[in-house]
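Keep the sequence and the model in view while reading.

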Amino acid sequence: MPAAANTRSFAIPAELAGELRGWRTRLLVVGAAALILCAIGGFFNANQFFRSYLWCYMFYIGVTLGSTALLMLQYLTGGAWGMVIRRPCEAASRTFPLLLVLFLPIAFGISHLYKWSNADFVAHDPVLQHKAVYLNVPFFLIRAAVYFAGWMIIAHFLYKWSGDQDRGDVRASGRLAAISGPGLVFYGFSVTFMAVDWILSLDPNWFSTIFGLLFIAGEGLSALAFLICLLVMLSKRPPLAGVLTHRHLHDIGKLLLAFVMVWAYFSFSQFLIIWAGNLPEEIPWYIERLRGGWGYIGLSLVFLHFGLPFALLLSRDIKRNFKLLRAVALWVIIMRFVDLYWLVAPDFRKGDFGVSWMDFLAPIGIGGIWLAAFLWQLERRPLMPVGDPLLEEALELGGE
């Protein structure tokens, strides 16, 4: 590696920029078309539209939140692994305004999704009557507004001060670290309440004290898998060809392995405690997800979401092989969709396993629009933080 790595130009070359713009246009067209088809389907089956939309939306906001958390974690801990994912993480964090707009269908579909929004249902359930102070539509929307406001404020300053750092502001590094500590605290609390509000309250009589941590681990897993796929793609083209090395991917692969284990630990802990307790207000949630075809989905999560990635990522050679690591990351992304579907769909189908055509189109629709916005943000800055004083060291370590 050259001694003055941070003087190199990491701006996106014209050829790559044109290719990314082409992908952006195609993704936007496909995403919009898929969402339009889903919306048409919603006229005939509104309940299914909102259900399909919710679980798919949770994946993409999870990638965005996980990327933002990894960005703040890197500012606090340092390391070459964080240097190479910083720009993609910043681009993801800049999509919160879009995700706020995409949240509107969920806000309009509250009555189709959440039992606690139905006054007649609450009137016949004494438990929900006590929970009505928290589970009511105005407070639900206020909390969502607080979450998005906090996320967008944090993302704004992370992006602004990163730009200041690129322009040579020596105080920017301290500011980025200073906001990352409180930002991670807000992230932890907001994601916990978000998971309770948007997913756990689908069954308002059920509760879990570890549910928020399970979502935090899942978001980190989704974000890392997405970032690995992106980095492998960019590693073949200038300006990152020859800059992203096996060492960088090896470090991120180890982090992916760690999140696989953390996700499995939280999932098993929740299951073990609830199953062993065998309480009538807790156990029905798992019974719904272990009978009929849902039981096979649950087993697939054990063996294919945890077992297979865990076994593969133990290999040092796989973590240092770009194509193999990308294949594992793609598999993790698929299983993240399966996990979210398993968390959401049984609350509506009640033991009747099945999928709708909207369950296939909704991920394409939301994903196409989100990816188009992500690529647009990614093009706006050099692909490496050229003003970071530790960039040269990070690139040299990657070459060892």
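Contact here means heavy atoms within 4.5 Å. The model is predicted. Its largest nonpolar core has 131 residues. Helix H2 (residues 46-77) gives the most to this core, with 18 residues.

**Core**
- Tyr57, Met58, Tyr114 and Trp198 have the most contacts inside the largest core.
- Beyond its neighbours within four places in sequence, Trp198 is in contact with Leu54, Tyr57, Met58 and Ile61, among others.
- The contacts of Trp198 also include Phe103, Tyr114, Phe140, Ala144, Tyr147, Phe148 and Trp151.

**H2 against H10**
- H2 packs with helix H10 (residues 172-198) at an angle of about 160°. Their axes are 8 Å apart.
- The cut-off for roughly antiparallel is over 145 degrees, and H2 and H10 are therefore roughly antiparallel to each other.
- The crossing of H2 past H10 is left-handed.
- The residues of this contact are 17 nonpolar, four polar and no charged.
- On the H2 side they include Leu54, Tyr57, Met58, Ile61, Leu65 and Gly66. On the H10 side they include Ser180, Gly181, Gly183, Leu184, Tyr187 and Trp198.

**H2 against H16**
- H2 and helix H16 (residues 322-344) pack at an angle of about 135°, and their axes are 9 Å apart.
- H2 and H16 are therefore oblique to each other.
- Their crossing is right-handed.
- Ten nonpolar and two charged residues make up the contact of H2 with H16, with no polar ones.
- H2 contributes Arg51, Leu54, Trp55, Met58, Phe59 and Tyr60. These meet Ile333, Arg336, Phe337, Leu340, Tyr341 and Val344 in H16.

**H13 and its surroundings**
- Helix H13 (residues 283-290) has Ile283, Trp285, Tyr286, Glu288 and Arg289 buried.
- The buried residues of H13 pack against helix H12 (246-277), helix H14 (294-313), H16 and helix H17 (346-349).

**Ser93**
- Ser93 lies in helix H3 (residues 80-93).
- Is Ser93 buried or exposed? Ser93 has a relative accessible area of 2%. Buried means under 20%, so Ser93 counts as buried.
- Leaving aside neighbours within four places in sequence, Ser93 is in contact with Thr64, Thr68 and Ala155.

Terms used. Residues are numbered from 1 along each chain as its sequence is written. This is a predicted model: local features need pLDDT of at least 70, side-chain atom pairs count only at pLDDT 80 or more; totals for chains, interfaces and linings use all residues. Side-chain values use heavy atoms; hydrogens and water are left out. A nonpolar core is a set of buried Ala, Val, Leu, Ile, Met, Phe, Trp, Tyr and Cys residues joined through side-chain atoms within 4.5 Å. Buried means under 20% relative accessible area, exposed over 50%, partly exposed in between (1.4 Å probe, protein chains only). Helices (H or I, at least four residues) and strands (E, at least two) are DSSP runs, numbered from the N terminus. Axes are lines fitted to C-alpha atoms, for helices over the stretch in contact, and angles run from 0 to 180 degrees between N-to-C directions. Angles under 35 degrees count as roughly parallel, over 145 as roughly antiparallel, 65 to 115 as roughly perpendicular and the rest as oblique. A crossing is left-handed if the near helix is turned anticlockwise from the far one by less than a right angle, and right-handed if clockwise. Ala, Val, Leu, Ile, Met, Phe, Trp, Tyr, Cys and Pro count as nonpolar, Asp, Glu, Lys and Arg as charged, and the others, Gly among them, as polar.
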